[in-house]
Amino acid sequence: MKNLKSKPERESLHSYSPKPLPFRTPLNGISDRTLNNHYDKLYVGYVNGVYLHEWYFEILGGDGKLENAPELVDTLTESYGSIESFIKYFSECAMASRGWTVLAWDTKESRLWIYNCDAHNQGGVWGALPIIVLDVYEHAYSMDYGADRQAYLKAFWKNFNWTTANGLFKRASAIRL
Ligand SMILES: [Fe+2]
């Protein structure tokens, strides 16, 4: 058909380049070996999982300090009673997930929800904007911790970038549909 673009042109419309890791290594408890494997071999080669991995890497590389996220911490405290309760519950969800645990802003209800997704392309919710994306596939931690996902979750929170998460929350929560 005349109005269809040629194949190379169509491909260029959908080109997307991998982003560099947004933090310096080493992290405190997630090894360079794991990150190299995760970033170079998996993220760069993914199709469905690219955005989720970008959100995941974006909130790593921090110092785990809660005081850097006043708005997000206040909102989570309102919903879960305390920030410690939120971290405990989110971590429990992560223990039960096969792939991803996501805290997202629901633009219809104007509130935060936690979603577990067992696959990159399943379990996403229309209108929900990710704030905290946690990868719990075994490739994210098995080199460092074997089957001990709890130890990985502790390392995740230790390296969590609350400043970045708070920025995402402020931008996302301004959107109300
Ligand atoms: Fe991953």
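Within helix H2, which spans residues 32-43, the buried positions are Thr-34, Leu-35, His-38 and Tyr-43. These residues lie on the same side of H2, because the arc they cover around the axis is only 100°. The opposite face, turned away from the buried side, carries Asp-32, Arg-33, Asp-40 and Lys-41, which are exposed. The cover over the buried residues of H2 includes helix H3 (50-58) and helix H6 (142-145). The model described here is a predicted one.

The largest nonpolar core comprises 37 residues. Those with the most contacts inside this core are Ile-59, Ile-131, Ile-132, Val-133, Leu-134 and Ala-165. At least two residues of the core are supplied by each of H3, helix H4 (70-80), helix H5 (83-96), strand E1 (100-106), strand E3 (128-135), helix H7 (149-158) and helix H8 (162-173). E1 provides the largest share, five residues. Ile-132 illustrates the packing: apart from neighbours within four places in sequence, Ile-132 is in contact with Ile-59, Val-102, Leu-103 and Ala-165. In soluble globular proteins, nonpolar side chains tend to be buried together.

The overall arrangement remains to be considered. The protein contains eight helices and three strands, and their order along the sequence is α-α-α-α-α-β-β-β-α-α-α. Its radius of gyration is 17 Å, close to the 16 Å that the globule rule gives for 177 residues, so the protein is as compact as a globular protein of that length. Along the principal axes, the C-alpha atoms fill a box of roughly 60 × 40 × 30 Å. Of the 177 residues, 27% count as buried. Among contacts between residues at least 6 apart in sequence, 67% join residues at least 24 apart.

How values were computed:
Residues numbered from 1 in each chain as written. Predicted model: local features only at pLDDT ≥ 70, side-chain atom pairs only at ≥ 80, totals over all residues. Buried ≥ 20, exposed ≤ 12 C-beta atoms within 10 Å, placed from the backbone. Helix = DSSP H or I, 4+ residues; strand = E, 2+ residues; numbered from the N terminus. Arc of directions from axis to C-beta. Contact = placed C-beta atoms within 7 Å. Core = buried A, V, L, I, M, F, W, Y, C linked by C-beta atoms within 7 Å. Rg over C-alpha atoms; globule rule 2.2 N^0.38 Å.
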